[in-house]
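Please walk me through this protein.

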Amino acid sequence: MKRVFVSHPYAADPEGNFQKADKICKNLLEHGVFPISPLHSFSFTDDSYRMQIMDACRRMIEFVDEVWVFGDSPGTRMEVEHAQELGVRVVYMFKREEEGVA
């Protein structure tokens, strides 16, 4: 089963973003993809642990087959950068502004 890191914004709307990521993860499982979700792993804490959480995210990315990005934030950009450094495939699941689409 393919392991996919679910890169999703969190801090701007913790409750709403967690609900969105939860639906995404359930959908992935239904389609034979195993989601690795930092929102599910660390939503019990707050931003005072941000550095430790981001370090854990980098380590999780080392374990996955692909990183699927479901929005833009400083955290998702860091996750994408790390995946690219490792040569892990990044799949954008939203239209990025730099592509000329808002």
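The largest pocket holds about 360 Å³ of space. A pocket here is an open set of points on a 1 Å grid over the protein atoms alone, where a 1.4 Å probe fits, with protein on both sides within 12 Å along at least five of seven lines. Its volume is the space filled by probe spheres set on the points, which are joined across faces, edges and corners. This is a predicted model, in which local features need pLDDT of at least 70 and side-chain atom pairs count only at pLDDT 80 or more, while totals for chains, interfaces and linings use all residues. Residues are numbered from 1 along each chain as its sequence is written, and side-chain values use heavy atoms, with hydrogens and water left out.

The lining of this pocket comprises 22 residues, each with an atom within 4 Å of a point. Tyr10, Ala11, Leu39, Arg50 and Ile53 lie nearest the centre. Three helices, α2 (38-42), α3 (50-61) and α4 (74-86), each supply at least two lining residues. Helices are DSSP runs of H or I with at least four residues, strands are E runs of at least two, and both are numbered from the N terminus. By class, the lining has 12 nonpolar, 6 polar and 4 charged residues. Ala, Val, Leu, Ile, Met, Phe, Trp, Tyr, Cys and Pro count as nonpolar; Asp, Glu, Lys and Arg are charged; the others, Gly among them, are polar.

Now the interior. Nonpolar side chains tend to be buried together in soluble globular proteins. The largest nonpolar core has 12 residues, including Phe5, Ile53, Cys57 and Ala83. Such a core is a set of buried Ala, Val, Leu, Ile, Met, Phe, Trp, Tyr and Cys residues joined through side-chain atoms within 4.5 Å. Buried means under 20% relative accessible area, exposed over 50%, and partly exposed in between (1.4 Å probe, protein chains only). α3, β3 (66-69) and α4 each supply at least two residues of this core. The largest share, 4 residues, comes from α3. A second, separate core of 9 residues includes Val4, Val6, Cys25 and Phe70.

What about disulfides, and how many are found? The whole structure has 0; the term requires a pair of cysteine sulfur atoms within 2.5 Å. The sulfur of Cys25 has its closest cysteine sulfur in Cys57, 12 Å away, so the two are too far apart for a bond. Cys25 is buried, at 8% relative accessible area. Cys57 is also buried, at 1%.
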